[in-house]
Amino acid sequence: MPHFQTWEEFTRAAEKLYLADPMKVRVVLKYRHCDGNLCIKVTDDVACLLYRTDQAQDVKKIEKFHSQLMRLMVAKESRSAAMETD
C-alpha cells in the first residue's frame, strides 16, 4: 500500500485511480484522536492509496479534495456513463 509523503502526489494518483474505474473506487476518512492523525484512503480493491497527516492545515485540503471526489461521483455525466456500461 503506497503511503504518499506529499499531498500533490496523492491527489494526482487518487484522481487517476478514480477516473480509471469510477464504479469501483471507495474513499475512507479516518481520524484517530489519541494519535491526532487524519488518514484518507482511496482504493479500488487492487490499488490502495494512503495519505496520513497530523497537521491542522491539511484538514482543509483533505476536506476540499473529498468534496471534489463526491461531486464527481454524483455528477450526471458519470452516472450516464456508468449506465451505458451496464
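This is a predicted model: local features need pLDDT of at least 70, side-chain atom pairs count only at pLDDT 80 or more; totals for chains, interfaces and linings use all residues.
Leaving aside residues up to four places away in sequence, alanine 47 touches Leu17 and Val42. Is alanine 47 buried, exposed or partly exposed? Alanine 47 is partly exposed, with a relative accessible area of 27%. From alanine 47 to leucine 17 the C-alpha to C-alpha distance is 8.1 Å, while the two are 30 residues apart in sequence.

Aspartate 45 belongs to that loop between β3 and β4 too. Its relative accessible area is 60%, which makes aspartate 45 exposed. The backbone deserves a look here: phi of aspartate 45 is near 75°, a positive value in a residue other than glycine. For context, most residues other than glycine have a negative phi.

## The overall layout

Let's step back to the whole chain. The protein chain has three helices and four strands, and from the N terminus on they follow the order β-α-β-β-β-α-α. Of the 86 residues in the protein chain, 29% are buried. The accessible surface is about 6200 Å², and carbon and sulfur atoms supply 54% of that area.

How much of the contact pattern comes from residues 24 or more positions apart? Among contacts in the protein chain with a separation of 6 or more, such residues account for 49%.

## The sheet

The four strands build an open sheet with mixed pairing, in the order β1-β4-β3-β2. β1 (3-4) and β2 are the edge strands, and each of them pairs on one side only. As a reminder, strands of a sheet pair through backbone hydrogen bonds, either parallel or antiparallel.

Two antiparallel pairings can be followed residue by residue. β2 and β3 are antiparallel and joined by seven bridges; within this pairing, valine 27 has valine 42 in β3 as its bridge partner. That valine is also one of the residues that alanine 47 touches. β3 and β4 are antiparallel as well, with six bridges between them. On the β4 side, arginine 52 is the bridge partner of cysteine 39, and cysteine 48 is the bridge partner of threonine 43.

Both pairings come with a hairpin. Between β2 and β3 there are four residues, and glycine 36 in the turn has a positive phi of about 75°. The hairpin of β3 and β4 also has four residues between the strands, and there aspartate 45 is the one with a positive phi near 75°. As for β3 itself, five of its seven residues are buried, so this strand is largely enclosed by the rest of the structure.

Helix α2 covers residues 57-74, which is 18 residues. From its first C-alpha to its last it reaches 27 Å, close to the 26 Å expected at 1.5 Å a residue.

Which residues of α2 are buried? They are Asp58, Ile62, Phe65 and Leu69. These residues cover an arc of only 70° around the axis, which puts them on the same side of α2. The other side of α2 holds the exposed residues Gln57, Lys60, Lys64, Arg71 and Val74. The cover over the buried residues of α2 includes α1 (7-20) along with β2 (26-32), β3 (37-43) and β4 (48-53).

## Aromatic contacts

How many aromatic pairs turn up in a search of the whole structure? The search finds six. One of them is the edge-to-face pair of phenylalanine 10 and phenylalanine 65, with 6.0 Å centre to centre and 65° between the planes. Phenylalanine 10 lies in helix α1 and phenylalanine 65 in helix α2, so this pair ties together parts that are 55 residues apart in sequence. Both phenylalanine 10 and phenylalanine 65 are buried.

Key:
Residues are numbered from 1 along each chain as its sequence is written. Side-chain values use heavy atoms; hydrogens and water are left out. Buried means under 20% relative accessible area, exposed over 50%, partly exposed in between (1.4 Å probe, protein chains only). Contact means heavy atoms within 4.5 Å. Accessible areas come from the Shrake-Rupley method with a 1.4 Å probe; for residues, only the protein chains shown count as cover. The expected span of a helix is 1.5 Å times one less than its number of residues. The arc is that of the directions from the helix axis to the C-beta atoms. Rings of Phe, Tyr and Trp (its six-membered ring) pair if their centres lie within 6.5 Å; planes under 30 degrees apart count as stacked, over 60 as edge-to-face and the rest as tilted. Two strands pair if DSSP finds at least two bridges between them.
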